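The sequence and the structure are shown below.

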Amino acid sequence: MAKKILSKELAKQEPEELLRLLDELSRRFPVARMYLNMEFGLEAESIVEKYRKALQKEYFPTRGRGRARISRSDKILKEFGMISAFSEDLLEMNWFQVELAIRYHLHYMYEYEPFMKGLLRNWKTTVQLARETGSLPDYLKKLETIFPGEFRTYYLHRLLKDIADELPQAKVE
């Protein structure tokens, strides 16, 4: 059903019917329930924490070495994007993933090509989201705190800075 047709059908419905439909959707689809919880601020912190833990486990589990599968991270971010009601939450989750990937790279000197491409792609997404919310200078400062002094001349730092510098208002020191 096309979006316009669906909107017209929903507009025809009585408020009681719309409430019943929302209740039914939230019972049948966990993603819809989580989205509504995020929208209304109910259990939002626990939902965000669940996804943060899933990302943390992918890179730095409590035991052993993380797998750092960028496909798994992307899946977690995509699912969170479906339930995220606010762009700030989505931005913060994207930044968290990028931060974990950078720390993983620096800790293990991990340079597997799909991992690096995914890291750069996710950083680009984070920069775009930060630009849209007007918080890009804050995230560029956070980027600088991740890289210790000797790593600021490292090629990954330059690549990440170059991606951010492609945007006119991104130049912040």
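## Nonpolar surface and core

Leu21 is partly exposed, because its relative accessible area of 32% falls between the limits of 20% for buried and 50% for exposed. The model considered here is predicted. Leu21 belongs to helix H2 and takes part in a nonpolar surface patch together with Leu6, Leu10, Leu19, Leu22, Leu25 and Phe29. The accessible area of this patch is about 590 Å² in total. Helix H1 (3-12) and helix H2 (15-28) are the elements that each contribute two or more residues to the patch, and H2 provides the largest share, with 4 residues.

In soluble globular proteins, nonpolar side chains tend to be buried together. In this model, the largest nonpolar core comprises 43 residues. Tyr51, Tyr59, Ile102, Trp123 and Phe147 are the members that touch the most others. Helices H3 (30-40), H4 (44-59), H5 (70-83), H6 (87-108), H7 (113-133), H8 (136-146) and H9 (155-165) each supply at least two core residues. The greatest contribution, 10 residues, is that of H6.

Leaving aside residues up to four places away in sequence, Trp123 is in contact with Trp95, Val98, Tyr139, Leu140, Leu143, Leu160, Ile163 and Ala164. Ala164 is also 9.6 Å from Arg131, C-alpha to C-alpha, although 33 residues separate the two in sequence. Arg131 is located in helix H7.

| Residue | Relative accessible area |
|---|---|
| Leu21 | 32% |
| Arg131 | 35% |

Methods
Residues are numbered from 1 along each chain as its sequence is written. This is a predicted model: local features need pLDDT of at least 70, side-chain atom pairs count only at pLDDT 80 or more; totals for chains, interfaces and linings use all residues. Side-chain values use heavy atoms; hydrogens and water are left out. A nonpolar core is a set of buried Ala, Val, Leu, Ile, Met, Phe, Trp, Tyr and Cys residues joined through side-chain atoms within 4.5 Å. Buried means under 20% relative accessible area, exposed over 50%, partly exposed in between (1.4 Å probe, protein chains only). Contact means heavy atoms within 4.5 Å. Patches are made of residues with over 30% relative accessible area and no salt bridge: like charges are joined within 9 Å, nonpolar side chains (Val, Leu, Ile, Met, Phe, Trp, Tyr) within 5 Å. Accessible areas come from the Shrake-Rupley method with a 1.4 Å probe; for residues, only the protein chains shown count as cover. A salt bridge is a side-chain nitrogen of Lys or Arg within 4 Å of a carboxyl oxygen of Asp or Glu.
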